[in-house]
Amino acid sequence: MQNAQLRDLIAVVETGSVRSAARKLGLAQAAVSKNLTALEKSLGVPLLVRSARGVEPTEVGRIVLRRARVVDAELRHLQEEIERYQGERQNLVTIGLSATSEAMLLSTALERFRASMPNTLISVFGGRSSSTIAALREAKIDFAVGPLPTDQSVSDLHAEQLCSSDLGVFVRAGHPAANARDLASLVPYGWLYNVRQSGEPAIASLMRQRGLPEPTLVAHCDSPSALVGLLLQNDFVALNSVEALRPLRERGLLKLLAIDLGLPPAVQYLLTPTMRPLTTPAAALAAEFRRASRGLRR
């Protein structure tokens, strides 16, 4: 098994055809086909199959593809670190953040990090914890900060608790239910959420426990800007981290309702791969996230 074979497998799956992969890689189509054939022969199983959507991986091919991406990423990281050492490449750190960790930690961590590594570019990957963890496992990101997923094990990752935030119900300033003191008063309104509990929105579980009708779910917002934009411009209600929306509360744009939810706090973890070392810049940024979280711990 050779790196070029794994590289070509990744390119074919990502582009959907051998021809497109060859064009992307700047190689002859025959060379790519030869590498794929050699890879399948060395493993003794077919890895690709043609479908109406183009070339797709078989079930075994998906397993090989996941590992191939990790191997390919590690080799690229190795080359990048050598080039950075020689002063030929700008540092790049790619991280996955939950909406809560983005709001609570990113600004402070990035400010301190930039003071020590001003020439490093940061790329932020958002989304649900399941997609963030998948990206971490495939080495598409260096590390992640967010909640632990409720639907899968993370035994292959190192999880370090950083901080937590209470959960609260938010509306825009001037909302018709701005003085509500119980969930029953909010039944007529649509809900925004990014907090899940046992695989479903936490607000749905909460409404059920209190004998209330199922909430009208409008949108799942892993993006802080999407959630805030929808809240400010509509009569929606949101269940969200209290700390994450504190700046907008202090500016009088959002209001935290005086409702006791009885929910556990949203805990944010630093997630790193146990079998893959962080690059020097990534390790430095992870350290700044730890440092930024210290003042928020309870």
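**Close-up views of a predicted model**

View 1. Phe 125 lies in strand β4, which spans residues 120-125 (helices, H or I of at least four residues, and strands, E of at least two, are DSSP runs numbered from the N terminus). This is a predicted model in which local features need pLDDT of at least 70 and side-chain atom pairs count only at pLDDT 80 or more, while totals for chains, interfaces and linings use all residues. Residues are numbered from 1 along each chain as its sequence is written, and side-chain values use heavy atoms, with hydrogens and water left out. Phe 125 counts as partly exposed because its relative accessibility is 31% (buried is under 20% relative accessible area, exposed over 50%, partly exposed in between, with a 1.4 Å probe and protein chains only). Leaving aside neighbours within four places in sequence, the contacts of Phe 125 include Ile 95, Leu 97 and Ile 141 (heavy atoms within 4.5 Å).

**View 2. The salt bridge between Lys 24 and Glu 14.** The closest N and O atoms of Lys 24 and Glu 14 are 3.1 Å apart (a salt bridge is a side-chain nitrogen of Lys or Arg within 4 Å of a carboxyl oxygen of Asp or Glu). Lys 24 belongs to helix α2 (residues 18-25) and Glu 14 to helix α1 (residues 3-15), so the pair ties together parts 10 residues apart in sequence. Lys 24 is exposed at 52% relative accessibility, whereas Glu 14 is partly exposed at 45%.

**View 3. The salt bridge between Asp 156 and Arg 137.** These side chains meet at 2.8 Å, N to O. Asp 156 sits in the loop between β5 (143-146) and β6 (157-165), and Arg 137 in helix α6 (residues 129-137), 19 residues apart.
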